[in-house]
Amino acid sequence: MPQPVVELDRVGKTYYTGDVETPVLFDLSFSIVPGEFVAIVGGSGSGKTTLLNLMGLLDRPTAGVIRVEGREVSHLDELGRARMRRDRLGFIFQFHYLLPEFTVLENALMPCRMRGREFEKSREARMRELLTYVGLEEKLNVRPPQLSGGQQQRVAVVRSLANDPAVVFADEPTGNLDSKSGRMVFDLMKRLSRESGTAFIMVTHDDNFALEADRVIRIRDGRIQAPPGRHEGTELAVAAPEA
Ligand SMILES: Nc1ncnc2c1ncn2[C@@H]1O[C@H](COP(=O)(O)OP(=O)(O)OP(=O)(O)O)[C@@H](O)[C@H]1O
Ligand SMILES: [Mg+2]
């Protein structure tokens, strides 16, 4: 079995606000292998975004261990975590968060900027190629407000791959789109995942998308409802049955 890109070992999360304790995630263990396309589903408030934030190093667990590409991330200080986020992880959110004063190409390259001009230059050809792949070759020099919602989200998908990450986290990336644009964005994510070998972990409320993932992790009240099992590489995707 290849080294997992993300591994959770008995991870839990409790939020502490003043005197109030809110336990949200309990005892989650699973691993994601390179190139895997995983859907996370579950009701509102079940802990999906919290889980994504932990795996994406945007927040810290209060129990258990998370490893990214074999490295235990709790051993990293804030700078180390920021570096790992920048260099190895990609993010797509429900809202595109494109910068309106920059062009489509500049927006796609934005994550590379923080690694210096040289690096940004070295990624330009690839970003042009990916923007062409998602059907935006005519829009490279246009600014985001002149794009449709679906086109904006396609730029956000390309941007998530700017630094050639090991894994992309997507929190309801189609949640804000009509069904046709949502389908297009989803298909592109799947194809890009196959083509680039990047793992995608996507929170979705759309059961059709979940069924097309390699694997479904179903969260209920902060627990994995049906154990996803260890992915053996050849194992077929099976959606957990409804309880
Ligand atoms: N910063 C926080 N402090 C305290 N409680 C929080 C915090 N963030 C989230 N929660 C609580 O944790 C639980 C899970 O929230 P989370 O946002 O992970 O749910 P979700 O599954 O993403 O829901 P949705 O589908 O609505 O986006 C909720 O009960 C929420 O109120
Ligand atoms: Mg959420």
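Arg-10 sits in strand S1. In this predicted model, Arg-10 has a positive phi of about 50°, even though it is not a glycine. Is Arg-10 buried or exposed? With 12 other C-beta atoms within 10 Å, Arg-10 is exposed, because 12 or fewer such neighbours is the cut-off for that class. Asp-164 also turns up with a positive phi of about 50° without being a glycine. Asp-164 belongs to the loop between H5 and strand S7 (167–171). There, Asp-164 has 14 other C-beta atoms within 10 Å and is partly exposed. A positive phi, near 85°, is found at Gly-135 too, the glycine that follows H4.

As for the chain overall, seven helices and ten strands make it up. The radius of gyration comes out at 18 Å, close to the 18 Å given by the globule rule for 243 residues, so the chain is as compact as a globular protein of that length. The C-alpha trace spans about 45 × 40 × 40 Å along its principal axes. Buried residues make up 40% of the 243 in the chain. Among contacts with a separation of 6 or more, 71% come from residues 24 or more positions apart.

Helix H4 covers residues 117–133, 17 residues in total. From first C-alpha to last, H4 reaches 24 Å, close to the 24 Å expected at 1.5 Å a residue. H4 also bends, by about 40°, at Glu-124. The residues of H4 that count as buried are Arg-123, Met-127, Leu-130 and Leu-131. Their cover includes helix H3 (104–113) and helix H5 (149–160).

H3 has its own set of buried residues, namely Val-104, Asn-107, Ala-108, Leu-109, Pro-111 and Cys-112. These pack against helix H2 (78–88), along with H4 and H5. What does Ala-162 touch, leaving out residues up to four places away in sequence? Its partners are Ala-108, Leu-109, Pro-111, Cys-112, Arg-123 and Met-127. Ala-162 itself lies in the loop between H5 and S7. It is buried, with 24 other C-beta atoms within 10 Å, because 20 or more is enough to count as buried.

Gln-153 is part of helix H5. Gln-153 counts as buried, having 29 C-beta neighbours inside 10 Å. Setting aside neighbours within four places in sequence, the contacts of Gln-153 are His-96, Pro-173, Leu-177 and Val-185. A separation of 10.0 Å lies between the C-alpha atoms of Gln-153 and Met-184, which are 31 residues apart along the chain.

That leaves Ala-199, found in strand S8 (residues 199–203). How many C-beta neighbours does Ala-199 have inside 10 Å? There are 23, and Ala-199 counts as buried. Once neighbours within four places in sequence are left aside, Ala-199 is in contact with Val-5, Ile-32, Pro-34, Gly-35, Glu-36, Ala-166 and Val-167. Between Ala-199 and Glu-118, 81 residues apart along the chain, the C-alpha separation is 26 Å.

Technical notes
Residues numbered from 1 in each chain as written. Chains lettered and ligands numbered in written order. Predicted model: local features only at pLDDT ≥ 70, side-chain atom pairs only at ≥ 80, totals over all residues. Helix = DSSP H or I, 4+ residues; strand = E, 2+ residues; numbered from the N terminus. Rg over C-alpha atoms; globule rule 2.2 N^0.38 Å. Contact = placed C-beta atoms within 7 Å. Expected span 1.5 Å × (residues − 1). Bend = angle between axes of the 7 residues up to and from the residue.
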